[in-house]
Amino acid sequence: MNKSIEWQPTPELNEDLVKMQLSLVQPAKTKQGHFGPYAGLDDIDRAVRSAIKTAEVPLTYNQSTSTELTANGKITHQVITNIIHSSGETLHIDGVTYEQGSTPAQTLANLTYAKRGSLSAAFGVVADDDDDGQAITALKQEQINQENMRKAIIAKLKEKLKEVPKEKLPQIFATSNMTEKHNNNSDLDKLTAAQASVLAGAAIFAINDAGIK
């Protein structure tokens with residue numbers, strides 16, 4: 001079972017995450033799968049840490065795994081990528097849920113795949129030229145997870161925008177090269193998770209700056 005999304009304000013983390021992503025050089029696809037080359041977990045980790053260093057931002061990450069027993073008695077695991085900022089703000093990106101393998105080798109392969117997916121989603125890494133075909137169900141579940149997260153962030157953004165003083169709206173939308181005219185459901189619903197996070201962070205800052213509780 002996938003964990004529910006818990007959204008918390010992370011304005012400083014969001015700002016530095018954007019800087020890091022602008023410095024990100026997509027990793028070389030050094031591994032070969034059934035359906036073409038892909039970036040291995042070590043390649044993705046190297047690209048992420050290199051971008052953090054280049055952007056000179058106080059970010060780091062680690063990955064954890066949760067384990068659950070399903071109703072039919074199967075053991076499932078889920079990888080979570082935890083992005084950590086020096087301010088104390090954190091962002092937790094759920095990865096795919098995968099079953100424990102029937103052999104140690106299969107379990108390790110499933111874990112590695114899940115780590116790749118969660119880490120790639122967390123930092124915007126393109127790890128495959130196309131679907132590698134080795135875990136198409138898991139990939140689809142990951143896409144669903146990330147779309148649900150995007151929608152949750154946008155919902156929180158809309159909620160916060162209602163609290164922002166009208167005169168501060170242009171400044172908020174300027175953080176994403178947008179204008180106040182984009183403050184409508186049609187445009188907001190098209191935002192990526194990263195864009196919505198940046199705007200939400202700016203909105204929360206504006207609310208706090210205005211002394212609104």
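**Walking through the model**

A: A196 is buried, with a relative accessible area of 0%. Please keep in mind that this is a predicted model.

Q: OK, where does A196 sit?
A: A196 belongs to helix α7, which covers residues 193–209.

Q: And what does A196 touch?
A: Leaving aside residues up to four places away in sequence, A196 is in contact with I153, I154, L157 and L191.

Q: How far is A196 from N14?
A: Their C-alpha atoms are separated by 9.8 Å, although A196 and N14 are 182 residues apart along the chain.

Q: You mentioned F123. What does F123 touch?
A: Not counting residues up to four places away in sequence, F123 touches L17, M20, Q21, L24, V48, Y61, T81 and I83.

Q: How many aromatic pairs are there in the whole structure?
A: A search of the whole structure finds one. The pair consists of Y61 and F123, arranged edge-to-face, with 5.8 Å from centre to centre and 65 degrees between the planes.

Q: Why does that pair tie together separate parts of the sequence?
A: Y61 lies in strand β3 and F123 in helix α3, so the pair ties together parts that are 62 residues apart in sequence.

Q: Are Y61 and F123 buried or exposed?
A: Both Y61 and F123 are buried.

Q: New topic, the sheet. What is the strand order?
A: The order is β3-β4-β5, in an open sheet of three strands with antiparallel pairing. Strands β3 and β5 are at the edges, as each of them pairs on one side only. From one strand to the next, the twist averages 20 degrees.

Q: What holds strands together in general?
A: Strands of a sheet pair through backbone hydrogen bonds, and the pairing is either parallel or antiparallel.

Q: How many bridges join β4 to β5?
A: Eight bridges join these two antiparallel strands. Among the facing residues, Q78 stands opposite T97 in β5, and I80 has D94 in β5 as its bridge partner.

Q: What about the turn in that hairpin, what does G88 do?
A: The hairpin of β4 and β5 has four residues between the strands, and G88 takes a positive phi near 105 degrees there.

Q: Which strands does α3 lie across?
A: Helix α3 lies across β3, β4 and β5, and runs at about 35 degrees to β4.

Q: Let us switch to charges. How many salt bridges are there?
A: The count comes to 10 salt bridges. One of them joins E99 to K74, whose closest N and O atoms are 3.7 Å apart.

Q: How accessible are E99 and K74?
A: E99 has 43% relative accessibility, so it counts as partly exposed. K74 also counts as partly exposed, because its relative accessibility is 41%.

Q: What about R150 and E147, where do they lie?
A: Both lie in helix α4 (residues 136–161), three residues apart, which is about one turn of the helix.

Q: Why does R150 count as buried?
A: R150 has a relative accessibility of 17%, and buried means under 20%. E147, at 30% relative accessibility, counts as partly exposed.

Q: Last one, which residue forms a salt bridge with K160?
A: The partner of K160 is E163, and the closest N and O atoms are 3.9 Å apart. K160 counts as buried at 18% relative accessibility, whereas E163 counts as partly exposed at 31%. Elsewhere, salt bridges that share partners join E15, D16 and K19 into one network.

Conventions
Residues are numbered from 1 along each chain as its sequence is written. This is a predicted model: local features need pLDDT of at least 70, side-chain atom pairs count only at pLDDT 80 or more; totals for chains, interfaces and linings use all residues. Side-chain values use heavy atoms; hydrogens and water are left out. Buried means under 20% relative accessible area, exposed over 50%, partly exposed in between (1.4 Å probe, protein chains only). Contact means heavy atoms within 4.5 Å. A salt bridge is a side-chain nitrogen of Lys or Arg within 4 Å of a carboxyl oxygen of Asp or Glu. Rings of Phe, Tyr and Trp (its six-membered ring) pair if their centres lie within 6.5 Å; planes under 30 degrees apart count as stacked, over 60 as edge-to-face and the rest as tilted. Two strands pair if DSSP finds at least two bridges between them. Axes are lines fitted to C-alpha atoms, for helices over the stretch in contact, and angles run from 0 to 180 degrees between N-to-C directions.
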